[in-house]
Amino acid sequence: LLALISLGEFYGILRRRFHVSSGIGLLGGLGILAASVFEVPERVDLLILTLVALGTLGIEVFRRQLTGTSQAIFNMGGTVGGVIYVALPWSFLLDMRTEPWGQMVLFSLFLCTWSCDVLAYMVGIIWGRTPLCPDISPKKTWEGFFGGAAASLVCGGFLALIFSFPPLPLILMGLLCGIAGQLGDLGESVLKREAQVKDTGSLIPGHGGLLDRFDSILVNGTLAFVIFELIG
């Protein structure tokens, strides 16, 4: 549900720039999430992405024939891109959940990400002086960036101690969450800048939409999947 709402918010900001076949994209996202829940063969994800692309192209063919105009390149890229950007990372979380270590890793993932967010904000407010990316997010600073990365790193090590888990994987995940999660947040800020919106939605009063709250999780969840599922 969180994934589909976030995907809908993503398509909402794209519609400010061009037509997007959000219905096909949401169906594709639902299919990928369902594939993870029911553990169907992995190539089904690729089939779904292909069907989303072809379905979107088909719509643009009819639009061109009926109206004389089309936006096939933008529509295909935006619709498929949304499924890849939002739905696939959430499906990785669903895949990890079923592993013996899954709940521990997911708990650590969210805690490392949130500790990074909190400390990056606090350090930035108190000691932040050097702008990180002023053209993307003027309030972010290098001091806050390093403070958030350090908090996530320490959180990963602390959780490894609590769970009596080999420390290296969780410490590595903490470091990557502290760095990549903030880059994921900047990436979403770029999307909002181009769409000229402050937030992706208004579902959470004072905080924006779900995509605003889980943008770092999309990146960190993908990295955790690589570390624990593919490498581990």
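**Entry 1: a proline to start with**

Is Pro-167 buried, partly exposed or exposed? I looked it up, and Pro-167 counts as partly exposed, at 49% relative accessibility. My cut-offs are these: buried means under 20% relative accessible area, exposed means over 50%, and partly exposed lies in between, with a 1.4 Å probe and protein chains only. Pro-167 has its place in helix α7. I also checked its spacing to Gly-157, which is 10 residues away along the chain: the two C-alpha atoms are separated by 6.2 Å.

**Entry 2: ground rules**

I am working with a predicted model, where local features need pLDDT of at least 70 and side-chain atom pairs count only at pLDDT 80 or more, while totals for chains, interfaces and linings use all residues. Residues are numbered from 1 along each chain as its sequence is written, and side-chain values use heavy atoms, with hydrogens and water left out.

**Entry 3: the whole protein**

I found eight helices and two strands. Following the sequence, I read the pattern α-α-α-α-α-β-β-α-α-α. The radius of gyration is 19 Å, close to the 17 Å that the globule rule gives for 232 residues, so the protein is as compact as a globular protein of that length. For my own reference, the radius is taken over C-alpha atoms, and the globule rule is 2.2 Å times the number of residues to the power 0.38. Helices (H or I, at least four residues) and strands (E, at least two) are DSSP runs, numbered from the N terminus.

The C-alpha trace spans about 60 × 45 × 30 Å along the principal axes. Of the 232 residues, 44% are buried. The accessible surface comes to about 12300 Å², and 70% of it belongs to carbon and sulfur atoms; these areas come from the Shrake-Rupley method with a 1.4 Å probe, and for residues only the protein chains shown count as cover.

I then turned to contacts, meaning heavy atoms within 4.5 Å. Among contacts between residues at least 6 apart in sequence, 69% join residues at least 24 apart.

**Entry 4: charges**

How far apart are the mean positions of the positive and negative charges? For the 14 positive and 17 negative charges, the answer is 10 Å. Lys and Arg count as positive and Asp and Glu as negative, leaving out His and the chain ends. Each charge is placed at NZ of Lys, CZ of Arg, CG of Asp or CD of Glu.

**Entry 5: aromatic rings**

My search of the whole structure turned up 12 aromatic pairs. Rings of Phe, Tyr and Trp (its six-membered ring) pair if their centres lie within 6.5 Å; planes under 30 degrees apart count as stacked, over 60 as edge-to-face and the rest as tilted.

I looked up Phe-145 and Phe-146: their ring centres are 5.6 Å apart and their planes stand at 85°, so this pair is edge-to-face. Phe-145 is buried, with a relative accessible area of 10%, whereas Phe-146 is exposed, with 52%.

Next came Phe-165 and Phe-228, whose ring centres are 6.4 Å apart with planes at 50°, so I noted the pair as tilted. Phe-165 lies in the loop between α6 (142-163) and α7 (167-195), and Phe-228 lies in helix α8 (residues 210-231), so the pair ties together parts that are 63 residues apart in sequence. Phe-165 counts as partly exposed, at 22% relative accessibility, and Phe-228 counts as buried, at 9%.

I also noted one aromatic cluster formed by Phe-10, Tyr-11 and Tyr-85.

Which residues does Ser-152 contact, leaving aside its neighbours within four places in sequence? I listed Cys-112, Ser-115, Cys-116, Gly-174, Cys-177 and Gly-178. Ser-152 has its place in helix α6 and is buried, with a relative accessible area of 0%.

Ser-189 is found in helix α7 and counts as buried, at 11% relative accessibility. Not counting residues up to four places away in sequence, Ser-189 touches Ile-136 and Ser-137.

**Entry 6: positive phi in two loops**

A reminder to myself: most residues other than glycine have a negative phi. Glu-39 has a positive phi, near 55°. This residue lies in the loop between α2 (22-37) and α3 (43-67), and Glu-39 is exposed, with a relative accessible area of 56%.

Ser-164, which is not a glycine, has a positive phi of about 50°. I placed Ser-164 in the loop between α6 and α7, where Ser-164 counts as exposed, at 66% relative accessibility.
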